[in-house]
Amino acid sequence: MNLANLSTSEIIEGIFLNNIAIVSKAITIIESTKPEHRIIANEIIEGCISKKHNTIRIGITGVPGAGKSTFIEQFGGILTGLEKKVAVLTVDPSSSRTKGSILGDKTRMLELVKDPNAYIRPSASGSSLGGVARKTRESIVILEAAGFDIILIETIGVGQSETAVHDMVDFFLLLKLAGAGDELQGIKRGIIEMADSIVINKADGNNVQNAELAKMEFSRALHMFPPKENSWSPQVLTCSAIENRGLEDIWQLIFNYCETMKETGHFFKNRQQQNENWLIQYLEQELLSKFYQNAKIKKLLPLLKNEVINGNTSPFSAAEKLLALLSIN
């Protein structure tokens, strides 16, 4: 099969058949910034978005060093052992200077990458908010159409990437450490309020007692926050990814959460809200893109930049002049 010569309809059909080579090609097209690929990408998404599948989307975040890659590899193995088809979307930070990215997640998940029921797709963050790949939402649509049961989305654990991922998943898991000063660092209102569960990783060896103490601290902290809109009370668990302990309990918690949310209607309400947010965010991205592609703005922007830098005009005045040039037809 020559992937380069596939039509859009053949790509969509290949996705439905869970042809991994075609799934990867589709995601590559979606991530491309070429205008001609944007047209094809939109057609692929339109063809796939109505393909319903009972998928659970799980966001996983944590500070660097929390053991996210090891956790995801072992957790993914638990899920494929339950005959689930698992896809992992990971985002590697891009250099702000060279725009390069290591994309090393497959090398950190050597066992999972060989699992026939698992698919790992590392992506460069580019210039998107907080390190979340701009096309993660579209990738989710492709993977769901391909029949994956569980989609794990890993953030790089910095900036506002957690907020972006939280807005595209059903369950948001915060991975923490104990005995490394991480307990106090982690008790911050924003990230705690987003978490559906906090998991203390590396609860092994001499760190077991520290993990239990951290569990108590975080449990107490959670009681300080108002209840979630869906009435769910986030739970704190411990695990050892490296020793493969406690992961079954985490999956059971996630499964029970999703079943409860489906019964109350919050699961589907959340998905609908995320689709609305997707629309608004896409509009904002496209408006920004059209702004910088406008020929008149391209010509005037460098001149106004110099005026602002030299103090000859205010940023507000310069912005108004540029915005006046943008006409939306």
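A residue is called buried when its relative accessible area is under 20%, exposed when that area is over 50%, and partly exposed in between (1.4 Å probe, protein chains only). Cys48, at 1% relative accessibility, therefore counts as buried. Cys258 also has 1% relative accessibility and counts as buried. A disulfide is a pair of cysteine sulfur atoms within 2.5 Å, and by this rule the structure has zero disulfides.

The model is predicted: local features need pLDDT of at least 70, side-chain atom pairs count only at pLDDT 80 or more, and totals for chains, interfaces and linings use all residues. Residues are numbered from 1 along each chain as its sequence is written, and side-chain values use heavy atoms, with hydrogens and water left out.

**Overall fold**

The protein chain has 14 helices and seven strands; helices (H or I, at least four residues) and strands (E, at least two) are DSSP runs numbered from the N terminus. Of its 329 residues, 47% count as buried. The chain exposes about 17,300 Å², of which carbon and sulfur atoms supply 55%; accessible areas come from the Shrake-Rupley method with a 1.4 Å probe, and for residues only the protein chains shown count as cover. A contact means heavy atoms within 4.5 Å. Among contacts in the protein chain with a separation of 6 or more, 74% are between residues 24 or more positions apart.

**Nonpolar cores**

A nonpolar core is a set of buried Ala, Val, Leu, Ile, Met, Phe, Trp, Tyr and Cys residues joined through side-chain atoms within 4.5 Å. In soluble globular proteins, nonpolar side chains tend to be buried together. The largest core has 46 residues, and Ile15, Ile142, Leu143 and Ile198 touch the most other members. Helix H2 (residues 20–31) contributes six residues to this core, the most of any element. Beyond its neighbours within four places in sequence, Leu143 contacts Val23, Ile27, Ala87, Leu89, Tyr119, Phe148 and Ile151. A second, separate core holds 33 residues, including Ile60, Leu112, Leu175 and Cys258.

**Salt bridges**

A salt bridge is a side-chain nitrogen of Lys or Arg within 4 Å of a carboxyl oxygen of Asp or Glu. The structure holds nine of them, including these:

| Pair | N to O distance |
|---|---|
| Arg57 and Glu144 | 2.8 Å |
| Asp167 and Arg137 | 2.9 Å |
| Glu217 and Arg220 | 2.7 Å |

Arg57 lies in strand E1 (residues 56–62) and Glu144 in helix H6 (residues 136–145), so their bridge ties together parts that are 87 residues apart in sequence. Arg57 is buried, at 12% relative accessibility, and Glu144 is buried at 11%.

Asp167 and Arg137 are both buried. Asp167 sits in the loop between helix H7 (161–166) and strand E5 (171–176), while Arg137 is in helix H6, 30 residues apart.

Glu217 and Arg220 are three residues apart in helix H10 (residues 208–222), about one helical turn. Glu217 is partly exposed at 35% relative accessibility, and Arg220 is partly exposed at 46%.

**Confidence**

pLDDT is the predictor's confidence in each residue, from 0 to 100. The protein chain has a mean pLDDT of 86, and 85% of its residues reach 70 or more. Confidence is highest in helix H11 (residues 247–264), at 97, and lowest in helix H8 (residues 182–186), at a mean of 49. Over residues 94–104 pLDDT stays under 50, and the model has 16 contacts beyond four places in sequence for them. Where pLDDT is low, the predicted coordinates should not be read in detail.
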